[in-house]
Amino acid sequence: MANLKEIRNRITTVSSTMQITSAMKMVSAAKLKKAQDAITAMRPYADKLTELLQSLSASLDADSGSKFADNREVHKVLVVAITSNRGLCGAFNTNIIKQSIVLANETYAGKQVDFMAIGKKANDILGKKHNIIANHSGIYDDLRFDNVAVIAEDLMERFTSGEYDKIELVYNKFKNAATQIIMTEQFLPIVPVEGAESSGGDYIFEPSKAEIVEQLIPKSLKTQLFKGIRDSYASEHGARMTAMHKATDNATELRDQLKLTYNKARQAAITNEILEIVGGAEALNN
């Protein structure tokens, strides 16, 4: 059994750790509320915009298809891995890294697969063995639509110029504080939707349906990327709050066990001292 001083030091260390994890949990809980409100308010708009775009695109003639819907043979793929800048959030970042590697090694085996990192963790881990063409870790310092739109424009340019034949997004979709869903979303080319040809037949389009679609596509793609990053941002704080809650509970349990061990050791030491005193007294009497 460890001596009393060692146990006291361990109790102090665990108590300090518990205070840190508890504080991090409260900070993440406060940030989560704001991030959750933001993604919850944005989803209906993003989903409706995507639905409208897909409905209009499906009703266009094949000859008037958009350059963003060019479904060519895939030789070069760009995977946009959306992670966080910091750790201590459970398997949040690990799941995205694993899914990104699966895309590179299995789904697109034999193809050229490059990565774009949004988040320091993706850049640090994927950059060890894979090619990172860009790192946008600073986006979380000022997470606004205008800043994300610049990244989306870069992705659109890389696709339309033929630099990449397909672009995939990998991120955590926020469900609740304890649950995040790993998403692999095709960003480009635009995925056509079957069965939507009849939508919009009772409307008059001005200037034309094709021109409206061409203006909607860039805005829809920017919104899609912004929604993905917003989802990931909310998921990060949910995952960190859950991880720090579990860490605090574990530290509390460990501290209680150490206190029990300390009390037992102290009682044993006191008992030994009493026995020694009694033994010494009996020896003198004899």
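How many residues does the hairpin that joins β4 to β5 run through? The hairpin joins the two strands through 2 residues. This is a predicted model.

Strands of a sheet pair through backbone hydrogen bonds, either parallel or antiparallel. The table takes the pairs in sheet order.

| Strand pair | Sense | Bridges | Residues standing opposite |
|---|---|---|---|
| β3 and β2 | parallel | 3 bridges | N135 and A117 |
| β2 and β1 | parallel | 7 bridges | Q112 and K76 |
| β1 and β4 | parallel | 5 bridges | V79 and E168 |
| β4 and β5 | antiparallel | 9 bridges | E168 and Q186 |

## Helix α2

Helix α2 spans residues 92-107. Its length can be checked. At 1.5 Å a residue, its 16 residues should span 22 Å. The end C-alpha atoms are 22 Å apart, so the two values agree.

Which residues of α2 are buried? They are F92, N93, I96, I97, S100, L103 and A104. They cover an arc of only 130 degrees around the axis, which means they sit on the same side of α2. The spacing fits a general rule. An α-helix has 3.6 residues a turn, so residues three or four places apart point the same way. The face turned away from the buried side carries the exposed residues K98 and E106.

What covers the buried side?

## The nonpolar cores

In soluble globular proteins, nonpolar side chains tend to be buried together. Here the largest nonpolar core has 34 residues. I118, F187, L188 and L225 have the most contacts inside it. Several elements each supply at least two residues of this core: α1 (4-58), β1, β2, α4 (145-160), β4, β5 and α5. Of these, α5 gives the most, with 7 residues.

F187 shows how such a residue is surrounded. Leaving out residues up to four places away in sequence, F187 touches A152, L155, I167, E168, L169, L221, Q224 and L225.

A second, separate core has 15 residues. Among them are A81, Y108, A122 and L126.

S100 is found in helix α2. Is this serine buried or exposed? Its relative accessible area is 0%, so S100 is buried. Beyond four places in sequence, S100 touches V79, A81, F115, L126 and V170. A81 and L126 also belong to the second core.

G119 lies in the loop between β2 (112-118) and α3 (120-126). Its relative accessibility is 0%, so G119 counts as buried although it sits in a loop. Which residues does G119 contact, leaving aside neighbours within four places in sequence? They are T83, S84, N85, N135, H136, S137 and Y140. Another, H136, is 17 residues from G119 along the chain. The C-alpha atoms of G119 and H136 are separated by 6.4 Å.

Conventions. Residues are numbered from 1 along each chain as its sequence is written. This is a predicted model: local features need pLDDT of at least 70, side-chain atom pairs count only at pLDDT 80 or more; totals for chains, interfaces and linings use all residues. Side-chain values use heavy atoms; hydrogens and water are left out. Helices (H or I, at least four residues) and strands (E, at least two) are DSSP runs, numbered from the N terminus. Buried means under 20% relative accessible area, exposed over 50%, partly exposed in between (1.4 Å probe, protein chains only). Contact means heavy atoms within 4.5 Å. The expected span of a helix is 1.5 Å times one less than its number of residues. The arc is that of the directions from the helix axis to the C-beta atoms. A nonpolar core is a set of buried Ala, Val, Leu, Ile, Met, Phe, Trp, Tyr and Cys residues joined through side-chain atoms within 4.5 Å. Two strands pair if DSSP finds at least two bridges between them.
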